[in-house]
Amino acid sequence: MSVRTIGVVMNGVTGRMGYRQHLVRSVLAINEQGGVTLSDGSRVKLKPVLVGRNADKLADIAAKHEIADFTTDLDAALAADDNLIYFDAQVTSARVKAVLKAIEAGKHIYAEKPTAESTQEAIALAEAATAKGVKNGVVQDKLFLPGLLKLKRLIDGGFFGRILSVRGEFGYWVFEGDWQEAQRPSWNYRAEDGGGIVLDMFPHWHYVMENLFGRVTSVYAQAVTHIPARVDEQGREYPATADDAAYGIFELEGGIVAQINSSWTVRVNRDELVEFQVDGTHGSAVAGLRNCRVQHRSATPKPVWNPDLPATARFRDGWQEVPDNAEFDNGFKIQWEAFVRHVLEDAPFSNDFASGARGVQLAELGLRSNAEGRRIEVPGL
């Protein structure tokens, strides 16, 4: 069995997601398993070339994982012919300029979402990649969560009948950074740096809704900055100029209504950090990161509202756990393998820059809906 190696320029691996999910749990994990298996049985290993602004941080990561190549010179990394793929996990505000450089250098592009801060820029990236003839993809990891894979299995099997509505709850309390260190970087809370939960999470919700339930046709959103000041990584207080919570209502084709709350200012009283309840004429399901529970119409109880008496029914006991029926790998790693196959043998990969642009569009229209206080229709892209 033949094994080849291709170079992957990874920009932004000093950040939390770039390091943990993409470098360690995807690229290095792929190499540990012997590489990506192609359709002819051959394997491809990935040679990471680390790029960033802080040479010391890059050197520390490289030493820890025995990675030979790291640099602060993006142009030099892109100039090497054997580096076929460029991956971008930088802060959103730095992404467009770097991705355009990589496209011009003829690299195939894989990028974190959102691909840009505006719909216009996101469309421009998609058009530039198409014009240059390079493969392109955007990270859409939620589609590979075990809970949502089980939910997709239920949809494909006709479990719900006609789907009526979707209700999503996402979030947790992110500490302000004063008496306890914040779990998220400070730029997330500065609009001038590309922060905000709408721009961060609405692209996620877009591809979840589009792939599982149907095209989004309208949005009404309320975006709020609940915590007006936070403390950064250096212990300095700064004004939080970006939204830290968003409450959205989305209409989907086919008459489905989705309500999704996203918040970094909520304390968790649910089984998982994100949960989606889907209600249909024949049954309902609640799906999280890993688990999925269902209640068929034949097993649906018949509660009667009576505030004068205490509730005796244990409503959660009436739900059944959906079995795994499969082994679930890390979603980021699965998508990396799919993109490598897409680059090397033109295997299908639907999560391209065009789909990424539709996610940015939903975020942009959500912010516009908040500013104008009204429902906004979502035109097709």
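## Close-up views of a predicted model

**View 1. Aspartate 271 and arginine 293 are joined by a side-chain salt bridge, with 3.2 Å from N to O.** A salt bridge here is a side-chain nitrogen of Lys or Arg within 4 Å of a carboxyl oxygen of Asp or Glu. Aspartate 271 sits in the loop between strand E13 (257-263) and strand E14 (274-280), and arginine 293, 22 residues apart from it, in strand E16 (residues 292-296). Helices (H or I, at least four residues) and strands (E, at least two) are DSSP runs, numbered from the N terminus. Aspartate 271 is partly exposed, because its relative accessibility is 49%, whereas arginine 293 is buried at 18%. Buried means under 20% relative accessible area, exposed over 50%, and partly exposed in between (1.4 Å probe, protein chains only). The model is predicted: local features need pLDDT of at least 70, side-chain atom pairs count only at pLDDT 80 or more, and totals for chains, interfaces and linings use all residues. Residues are numbered from 1 along each chain as its sequence is written, and side-chain values use heavy atoms, without hydrogens and water.

**View 2. Lysine 113 and aspartate 200 form a salt bridge of 3.0 Å, N to O.** Lysine 113 lies in the loop between strand E6 (108-111) and helix H5 (119-132) and aspartate 200 in helix H7, so the pair ties together parts 87 residues apart in sequence. Both lysine 113 and aspartate 200 are buried.

**View 3. The largest cavity holds about 60 Å³ of space.** A cavity is a set of points, on a 1 Å grid over the protein atoms alone, where a 1.4 Å probe fits but cannot get out; lining residues have an atom within 4 Å of a point. Grid points are joined across faces, edges and corners, and the volume is the space filled by probe spheres set on the points. The lining includes Lys113, Gln140, His204, Tyr207 and Ser355. Helix H7 (197-212) and helix H9 (353-372) each supply at least two lining residues, and H7 gives the most, with four.

**View 4. Glutamate 337 and lysine 333 form a salt bridge, their closest N and O atoms being 3.4 Å apart.** The two residues are separated by about one helical turn because they are four residues apart in helix H8 (residues 331-345). Glutamate 337 is buried at 10% relative accessibility, and lysine 333 is buried at 6%.

Conventions:
On a 1 Å grid over the protein atoms alone, a cavity is a set of points where a 1.4 Å probe fits but cannot get out, and a pocket is an open set with protein on both sides within 12 Å along at least five of seven lines; lining residues have an atom within 4 Å of a point.
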